[in-house]
Amino acid sequence: MKLSPREATGYFARPEPDRAGLLIYGNDAMRVALKRQQVIAALLGPNAEEEMRLTRLSAADLRADPAALTDAVKARGFFPGPRVVFLDEATDALADRILGALADWQKGDAQIVLTARQLPPKSALRKAFEAHPEAYAIGIYDDPPGRPEIEAMLAEAGLGTVDRAAMGTFLDLATALDPGDFRQTVEKVALYKLNDPAPLTPEDVAACAPRSTEAEADALIHAVAEAKTAEIGPLLRRLQAQGMAPVTLCIAATRHFRQLHAAAADPDGAASGINRLRPPVHFKARDRMVRQAQGWGMHRLEQALGLLLDTDLQLRSSQRAPQMALIERSLVKLAVLASRRA
């Protein structure tokens with residue numbers, strides 16, 4: 001049977017232990033792995049490894065021994081309770097061996113849990129699991145987690161009820177982080193608020209959000225857009241020490257000013273333009289970028305983009321000028337242009 005994304009969220013939290021199998025597939029290996037970990041933990045509980053109720057197989061194991069999956073499914077353990085045989089990186093090349101084990105499955109056998117990369121509708125594995133009355137097939141897509149999924153993560157981490165403002169911050173953060181980083185952030189927030197009776201605030205969530213070289217680059221570009229010329233040199237030195245390439249900085253600045261230009265050109269205003277950008281702007285930068293777009297204006301932003309385009313061409317040319325000095329000069333010019341805006 002095929003489960004929709006909404007149905008899948010509930011199933012991952014409360015899977016049925018008497019099913020024959022579950023196929024989880026998708027492009028993002030991290031998203032697939034997180035869902036596989038969740039469903040196996042829900043099926044087997046915390047002591048499955050110690051009680052040998054979880055058997056792990058690889059595609060190489062199945063290629064070497066065609067009966068390995070069937071044997072593991074039929075095996076009986078020393079400890080009572082449900083059992084799972086997990087096969088990673090399943091492919092249609094192994095479909096005959098996998099579907100043979102699925103056809104031989106009987107009540108009391110271990111449940112088969114497979115993970116795979118994205119499978120087309122014509123995939124033998126996908127078609128078989130979607131058609132099987134005792135098995136499920138679930139596709140994992142690159143959409144950020146929705147509110148029900150985030151609420152489940154928060155409850156699992158012990159955060160309980162979260163008010164609207166903090167939940168909005170989590171929703172925005174989910175669009176900006178990959179699934180693994182988002183889950184780690186939720187766990188970090190839970191530790192941050194451990195034994196703290198005060199309500200969770202957006203500031204608490206923001207304090208636990210990950211920081212990286214990208215955050216330093218964003219700080220530099222915001223300083224340029226807001227005419228904070230004195231901050232450019234120190235920020236640039238830190239990024240240079242961290243190995244940030246001048247061309248990468250130029251690309252990031254160009255992307256930022258293109259976003260500002262799109263917002264400034266929106267007929268419904270800069271705020272509406274920022275909200276329409278895809279991928280969406282990080283929640284912590286949204287209001288700041290609205291102010292920047294309003295302050296610069298569309299025509300002055302076109303001048304900025306022209307300067308950045310010229311800088312990018314120089315960085316990629318065979319000229320011998322120091323590249324970091326070249327990008328620094330361009331960023332200072334932009335900051336001066338920002339200070340002169342009407």
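Residues are numbered from 1 along each chain as its sequence is written, and side-chain values use heavy atoms, with hydrogens and water left out. Because the model is predicted, local features need pLDDT of at least 70 and side-chain atom pairs count only at pLDDT 80 or more, whereas totals for chains, interfaces and linings use all residues.

**The second largest pocket**

The second largest pocket has a volume of about 480 Å³. A pocket here is an open set of points on a 1 Å grid over the protein atoms alone, where a 1.4 Å probe fits, with protein on both sides within 12 Å along at least five of seven lines, and lining residues have an atom within 4 Å of a point. Grid points are joined across faces, edges and corners, and the volume is the space filled by probe spheres set on the points.

Of the 22 residues that line this pocket, Thr9, Lys35, Asp143, Pro145 and Glu149 lie nearest its centre. At least two lining residues come from each of α1 (5-13), α2 (29-44), β5 (135-140), α7 (147-157) and α9 (179-192), and α1 gives the most, with 5 residues. Helices (H or I, at least four residues) and strands (E, at least two) are DSSP runs, numbered from the N terminus. By class, the lining comprises 13 nonpolar, 3 polar and 6 charged residues, where Ala, Val, Leu, Ile, Met, Phe, Trp, Tyr, Cys and Pro count as nonpolar, Asp, Glu, Lys and Arg as charged, and the others, Gly among them, as polar.

**Salt bridges**

The structure holds 21 salt bridges, each defined as a side-chain nitrogen of Lys or Arg within 4 Å of a carboxyl oxygen of Asp or Glu.

| Pair | Distance (N to O) |
|---|---|
| Lys35 and Glu149 | 2.2 Å |
| Arg147 and Glu151 | 3.1 Å |
| Lys193 and Asp196 | 2.9 Å |

The pair of Lys35 and Glu149 links distant parts of the chain, with Lys35 in helix α2 and Glu149 in helix α7, 114 residues apart. Lys35 is buried at 11% relative accessible area, and Glu149 is also buried, at 17%; buried means under 20% relative accessible area, exposed over 50%, and partly exposed in between (1.4 Å probe, protein chains only).

Arg147 and Glu151, by contrast, both lie in helix α7, 4 residues apart, about one turn of the helix. Arg147 is partly exposed at 39%, as is Glu151 at 38%. Elsewhere, salt bridges that share partners join Glu16, Arg19, Lys107 and Glu134 into one network.

Strand β5 has 6 of its 6 residues buried. Ala135, Ala137 and Gly139 point one way from the strand, while Tyr136, Ile138 and Ile140 point the other way. In a regular strand the side chains alternate between the two faces of the sheet.

In helix α12 (residues 229-241), Ile232, Gly233, Leu235, Leu236 and Leu239 are buried, and just after α12, Gly243 takes a positive phi of about 90 degrees.
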